[in-house]
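Please look over the sequence and the structure below before reading on. The paragraphs that follow go through the model one part at a time.

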Amino acid sequence: MSTSKFGQKVITFNGGVIDRVAPQRAEPGYIEGLAASDAARTICFANDRALIDVEANPPRAWRTVNGAIERKEPVKRMLLGLEPSGDPLFAQFVEHDEDGRPAGDVPSSVKAIDLRSLASQDLVSVEEFGMLAYARSMLNWHATHQFCAYCGGKTHMVEGGDRRKCEDCGREHFPRTDPVVIIVVYQGDRCLLGRSKNFVEGMYSALAGFMEPGETLEDAARREVLEEAGIHVGKVSYVMSQPWPFVSSLMMGLLGEALDDKIDIDPHELEDARWFSRDEAQSLLDGTHPDGLKAPNPFAIAHHLLLAYLQKT
Ligand SMILES: [Zn+2]
């Protein structure tokens, strides 16, 4: 965990330093000029897995010369922007075998690693995580928006992949981010955490859910907690946010005060939910809970919301 120049915590998948060059993208020849530059490089994804040079010091996304590795159709190479050095950086999907190994001349130090594994090992710098989250979400958006939502016509990238345009009706389509509220609810010296069936054994986390149209952050969080755990929530406060590239969410982290305490879980959403004392919450983070229960890893925002709760109360 580091701190940004604005004094805020920078957590995994946050803190990208790529200049996305939005104002310049529309200039005639600008994208083509960057693509043709000797300094231009491309980072590659084999489906969900990023190609990482694990022997670089520190390990980082492998940057290949533009055009050196075969691109996987139908998503074109997109411009991420400029690195802090000023060098252009592109991203693309690549043709690959079952192990994620791309066809072509790739150094043996380059491995295909999914972002979750990368994060749990804390393998690359915070700046690289930010760049990879941006790239993965954008490439996935391009892959799943090949056709116009209005008329069904084919769409194509414009301005280096900043958006897509329909070839039939001319409408433009912009990358989307799906907002998710995630909240640690508390009542005095205890907090509410839950677990869903697909969590690793023993893990309890903050309750979370997608926002729905017409909701504020606060209303969405209150609705989710009531639906999932049967608890009414009063005052809600914002703590921090995290881009979550699985595939393109923005986690908005909150703390909320419970108005009652009788838990009534929705078994479709949760396997269990319970109150944890402050000491227990600390032991979840420390890995010392007597029943072997644990909190999410530090790369997940839930970990930091639990810390925020402990610091607040
Ligand atoms: Zn259209």
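A pocket is an open set of grid points with protein on both sides within 12 Å along at least five of seven lines, and its lining residues have an atom within 4 Å of a point. Rolling a probe the size of a water molecule over the atoms shows where empty space is left. The model shown here is a predicted one.

With that definition, take the second largest pocket. Its lining is made of 26 residues, and those nearest its centre are Arg 20, Tyr 134, Ser 137, Met 138 and Thr 177. The volume of this second largest pocket is about 520 Å³. Helix H3 contributes the most to the lining, with seven residues, and H3, S16 and S17 each supply at least two. By residue type, the lining of the second largest pocket has 14 nonpolar, eight polar and four charged residues.

The largest pocket holds about 970 Å³ of space. Its lining has 33 residues, with Arg 116, Phe 199, Met 203, Ser 205 and Trp 244 nearest the centre. Among the elements that give two or more residues to this lining are strand S13 (178–187), helix H4 (217–229) and helix H6 (301–312). Which element gives the most to the lining of the largest pocket? That is S15, with four residues. In the lining of the largest pocket, 19 residues are nonpolar, eight are polar and six are charged.

Helix H4 is also where Glu 218 is placed. Glu 218 has a relative accessible area of 32%, so this residue is partly exposed. In sequence, Glu 218 and Leu 254 are 36 residues apart, while their C-alpha atoms are 8.4 Å apart in space.

Next comes the metal site. Which residues coordinate the zinc ion? They are Cys 148, Cys 151, Cys 166 and Cys 169, each through its SG atom, at 2.3 to 2.4 Å. The angles among the four donor atoms run from 97 to 116°, and the site is tetrahedral. Along the sequence, the donor residues follow the spacing C-x2-C-x14-C-x2-C. Cys 148 lies in the loop between helix H3 (126–144) and strand S10 (155–158), and Cys 169 lies in the loop between strand S11 (163–166) and strand S12 (172–173), so this pair ties together parts that are 21 residues apart in sequence.

Is Cys 148 buried or exposed? Cys 148 is buried, because its relative accessible area is 5% and buried means under 20%. Cys 169, at 34% relative accessibility, counts as partly exposed. Another cysteine, Cys 191, is buried at 0%. A search of the whole structure finds zero disulfides.

The backbone has some features to point out as well. The peptide bond from Asn 57 to Pro 58 is cis, with omega near -5°, and Pro 58 is in the loop between strand S4 (49–53) and strand S5 (60–61). Glu 73 and Pro 74 are also joined by a cis peptide bond, with omega about 0°. Pro 74 sits in the loop between strand S6 (64–65) and strand S7 (78–82).

Val 21 is a residue other than glycine with a positive phi, near 45°. Val 21 belongs to the loop between strand S2 (9–10) and helix H1 (30–36), and it is buried, with a relative accessible area of 1%. Glu 159 has a positive phi near 50° and is found in the loop between S10 and S11. At 23% relative accessibility, Glu 159 counts as partly exposed.

How values were computed
Residues numbered from 1 in each chain as written. Predicted model: local features only at pLDDT ≥ 70, side-chain atom pairs only at ≥ 80, totals over all residues. Heavy atoms only, no water. Disulfide = S-S within 2.5 Å. Buried < 20%, exposed > 50% of the residue type's maximum accessible area, 1.4 Å probe, protein only. Donors = N, O, S within 2.8 Å, 3.2 Å for Na, K, Ca; no water. Tetrahedral: all angles 85-135°; square planar, octahedral: opposite > 155°, others 65-115°. 1 Å grid on protein atoms, 1.4 Å probe; cavity = no way out; pocket = protein on both sides within 12 Å on 5 of 7 lines; lining within 4 Å. Points joined across faces, edges and corners; volume = space filled by probe spheres on them. Nonpolar A, V, L, I, M, F, W, Y, C, P; charged D, E, K, R; others polar.
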